Amino acid sequence: MKKQMSILLLAILLCLTACSQASHTSVDEPTRQEEQKKDNGVLDASDDLDSEAENGEPVESASESTKITVYCGNGDAAVFDTQEVEIGSLTPEELLAALVSKDAVSEEVKVLSFNKSTVDGKDTLVLDLNRAFLAYVLSMETSGEYYAIGSLCNTFLDAYFAEQIKITIEGATLETAHTDYSGYLTKFS
């Protein structure tokens, strides 16, 4: 009985020692954690390339320019036109600026926050915009609304290799006279 208790006590001590050593990260481990944070990080409109999340981990890094596909409605609002554009870095603000340059959204539209995560196993974006986006969309008829929201969705989904996006206005659900956009949106065709 004493021998079994000694073995049990020794096993517990070994487990505690192993747990203690596992909680100390190696030099290489933060790099792996940073990559995961970059893939699932939270970006606010005030973040720049060298910004850090609340836990101190970088959320976005890259100083090279990036090519993206910008979607916009064509003149007769029948299909999406696409154009490859080079941007300074992959940030929500740069994507929005590219959309503005193609007249897909109004220049008054601003990104308030942006979050990339996984929801139900799908790469998911949540994009919070100011009220100027709602005003822009409300100024359009049904087809114009479709292409304005679709341009934004498709451009962000492609750029971040995501499957779905939710667009909010100052934290609230995007609602128009035509549609309630409370759920996740997928790529528009």
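1. Phe161 counts as exposed, its relative accessibility being 70%. Here exposed means over 50% relative accessible area, buried means under 20%, and partly exposed lies in between, with a 1.4 Å probe and protein chains only. Phe161 belongs to the loop between H5 and E6. Its phi is positive, near 50 degrees, in a residue other than glycine.

2. The structure is a predicted model, in which local features need pLDDT of at least 70 and side-chain atom pairs count only at pLDDT 80 or more, whereas totals for chains, interfaces and linings use all residues. Residues are numbered from 1 along each chain as its sequence is written, and side-chain values use heavy atoms, with hydrogens and water left out.

3. The protein comprises five helices and eight strands. These elements are DSSP runs numbered from the N terminus, helices being H or I with at least four residues and strands being E with at least two. Along the sequence, they follow the pattern α-α-β-β-β-α-β-β-α-α-β-β-β.

4. Of the 189 residues, 35% count as buried. The accessible surface is about 11,200 Å² (Shrake-Rupley method, 1.4 Å probe; for residues, only the protein chains shown count as cover). Carbon and sulfur atoms account for 51% of that surface. Among contacts (heavy atoms within 4.5 Å) with a separation of 6 or more, 55% join residues 24 or more positions apart.

5. The largest nonpolar core holds 42 residues, of which Phe133, Ile149, Phe156 and Ile167 touch the most other members. Two or more residues each come from strand E2 (66–73), strand E3 (80–87), helix H3 (92–101), strand E4 (111–119), strand E5 (122–129), helix H4 (131–138), helix H5 (142–159) and E6. H5 gives the largest share, eight residues. A nonpolar core is a set of buried Ala, Val, Leu, Ile, Met, Phe, Trp, Tyr and Cys residues joined through side-chain atoms within 4.5 Å. In soluble globular proteins, nonpolar side chains tend to be buried together.

6. When its neighbours within four places in sequence are left aside, Ile167 is in contact with Leu127, Leu129, Phe133, Ile149, Leu152, Cys153, Leu174, Tyr181 and Leu185.

7. The buried residues of H3 are Pro92, Leu95, Leu96, Ala98 and Leu99. Viewed down the helix axis, the buried residues of H3 fall within an arc of 155 degrees (taken from the directions from the axis to the C-beta atoms), so they line one face of the helix. After H3 comes Asp103, with a positive phi near 60 degrees.

8. Asp120 also has a positive phi, about 50 degrees, although it is not a glycine. This residue is placed in the loop between E4 and E5. Asp120 counts as exposed, at 74% relative accessibility.

9. Strands E6 (residues 164–169) and E7 (residues 172–175) pair in the antiparallel sense over two bridges; pairing requires that DSSP find at least two bridges between the strands. Within this pair, Thr168 stands opposite Thr173 in E7. The hairpin of E6 and E7 has two residues between the strands, and Glu170 takes a positive phi near 50 degrees there.

10. E7 also pairs with strand E8 (residues 180–181), in the antiparallel sense and over two bridges. Glu175 stands opposite Asp180 in E8. The hairpin of E7 and E8 has four residues between the strands.

11. The whole structure contains three salt bridges, each a side-chain nitrogen of Lys or Arg within 4 Å of a carboxyl oxygen of Asp or Glu. Lys67 forms one with Glu84, and their closest N and O atoms are 3.9 Å apart. Lys67 lies in E2 and Glu84 in E3, so the pair ties together parts that are 17 residues apart in sequence. Lys67 is exposed at 57% relative accessibility, and Glu84 is exposed with a relative accessible area of 54%.

12. Glu170 forms a salt bridge with Arg131, the closest N and O atoms being 3.4 Å apart. Glu170 is in the loop between E6 and E7 and Arg131 is in H4, so this pair ties together parts that are 39 residues apart in sequence. Glu170 counts as partly exposed, at 43% relative accessibility.

13. Asp158 and Lys187 meet through their side chains in a salt bridge of 2.8 Å, N to O. This pair links distant parts of the chain, 29 residues apart, with Asp158 in H5 and Lys187 in the segment after E8. Asp158 is partly exposed, with a relative accessible area of 25%; Lys187 is partly exposed, with a relative accessible area of 41%.
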